[in-house]
Amino acid sequence: MRELGIQDHNAAWSTGLEWGGADNKNTRTIHSPADGQVIGTVAMATAEDYEAVVAKAQEAFKTWRTVPAPKRGEIVRQIGNKLRDYKDALGKLVSYEMGKILQEGLGEVQEMIDICDFAVGLSRQLHGLTMHSERPAHRMYEQYHPLGVVGIISAFNFPVAVWSWNAMLAAVCGDTCIWKPSEKTPLTGVAVQHIIKDVLKDNDLPEGIFNLIIGDAEIGAKMAADGRVPLVSATGSTRMGKKVGEAVGARLGKSLLELGGNNAIILTEHADLGIALPGIVFGAVGTCGQRCTSTRRLIIHDSIYDDVKARLLKIYPNLPIGHPLQDGTLVGPLIDQDSVNGFKSALAAVQKEGGKLLIGGEVLEGDKYATGTYVTPAIVEAQNEYATVQDETFAPILYLIKYSGEVTAAIDLQNGVRQGLSSSIFTLNMREAETFLSYGGSDCGIANVNIGTSGAEIGGAFGGEKETGGGRESGSDAWKVYMRRQTNTINYSTTLPLAQGIKFDV
Ligand code: UN1
């Protein structure tokens, strides 16, 4: 991985051009979940490091906000091109540090490239509206201005793509950003920072447009409480998001929260199982069940329940589980031992509640699996109301839930959880599909027909309702949260007509 510049990394932060915090003795060694090898050691940021980074980001904002938006887009275009050059190396590192299979690591870098392209186009489309004033010879319009320093807290499971969804939009919007990657996957962050560095240097841009800080939850808490950071975008667990949301809310800042999901696929009696099954299996075991959009619940009509169950039980024993960089692997390891423990305890708990484990749930042993992080994906027959089913377990457990009667019964089950990220229905029946998509249908931020719950495209707004946090990032008009809106009224008459017909003679 030498070409990515991550070796011998001993700094806790970077402002793009300058690296700092190297004297810090508090370090963290990063092991690959794939084979346990040490990939690198990073220094953890101190409170002083944090202050230095915020100062740099604030300073850079003063310049960056004056650069015309399409010119900012040009910088993002160059970042996209650099990412193209490094796609293979970065994709491999994502796979090795996080544990997702190579194709997914490469796919994640492709999402970064795609959001760069999206942001370049957006840089000429940061539109506001013009309205007709009620007063004669007045003009009224709105404009969007850069917001300031944006804090980005990203999760281990999409260590680089989710950062880019935020950072590339923030960049064309004229904001500077401070990225705190997950402590579990900081090296991909370091690699990305090295890639960006060249673009900043080539363009003679100020330090501190893109900042990286490697730190623990305390750094995240500082950012959340910091009035100098007007927007904090956080991806991760609902537990973390509540803390961030409370701290940002207490200072009336803006937060963009992308938190836990408890995503379901509904299979009605009119489902095309030929397309449904690959969607279910990819959703449930892809990324070893560690996507916020992973399929956790399968809500199946009773008329096809036994058939679906039998087909899944034929597929699961043949899933290629192994080293994520090895050709042919479809299921890599879990991120770490804590995650394996979470998987095991959820399975124990659900069985106590009455759930029936049909397959999987083992931790694999032997030379190939020496890290103890490889598990066999599990299928459990369960009831929607079980406490374990109501929670998001970030691991490959698929709960089978039976429904009878109309599609509305399945929709009630689908909506009957605290989270509201992604949902889907497989049906060839138009009434069922439209009911699912209607105001009385899925209550999630993402609702799909004849597509699984994971694999959202960057062009749409990404995020969900309820405990998922309500934020939207990536495509559509998600950019608006990265800017401040201003309404402007201009009087070009010779009088001053007041609104509401008020006469105020002075
Ligand atoms: C996440 O798991 O945090 O929809 C994001 C998907 C990906 C993004 C997942 N494009 O599965």
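First, some ground rules. The model is predicted: local features need pLDDT of at least 70, side-chain atom pairs count only at pLDDT 80 or more, and totals for chains, interfaces and linings use all residues. Residue numbers start from 1 along each chain, as its sequence is written.

Across the boundary, 17 residues of domain 1 are in contact with 18 residues of domain 2, where contact means C-beta atoms, placed from the backbone, within 7 Å. On the domain 1 side, helices H3 (87–98) and H4 (102–122) each give two or more residues, and H3 has the largest share with four residues. Helices here are DSSP runs (H or I, at least four residues), and strands are runs of E of at least two, numbered from the N terminus.

**The ligand's spot**

Both domains give residues to the shell around the ligand, so the ligand lies between them. Among the residues around it are Phe 158, Arg 291 and Ser 454; a residue counts as near if its C-beta atom, placed from the backbone, lies within 6 Å. The shell divides into five nonpolar, five polar and one charged. Here Ala, Val, Leu, Ile, Met, Phe, Trp, Tyr, Cys and Pro count as nonpolar, Asp, Glu, Lys and Arg as charged, and the others, Gly among them, as polar.

**Inside the protein**

The largest nonpolar core has 138 residues, and Leu 169 and Leu 298 are among those that touch the most other members. Helix H5 (residues 161–172) gives the most to this core, with ten residues. A core is a set of buried Ala, Val, Leu, Ile, Met, Phe, Trp, Tyr and Cys residues joined through C-beta atoms within 7 Å. Buried means 20 or more other C-beta atoms within 10 Å, exposed 12 or fewer, and partly exposed in between, with C-beta atoms placed from the backbone.

Ile 280 sits in helix H9 (residues 273–285). Ile 280 is buried, with 25 other C-beta atoms within 10 Å.

Here is what two of these residues touch, not counting residues up to four places away in sequence:

| Residue | Touches |
|---|---|
| Leu 169 | Ala 119, Leu 122, Ala 478, Trp 479, Tyr 482 |
| Ile 280 | Ile 265, Thr 295, Leu 298, Gly 452 |

Note on methods
Domains from an automatic or database assignment. Contact = placed C-beta atoms within 7 Å.
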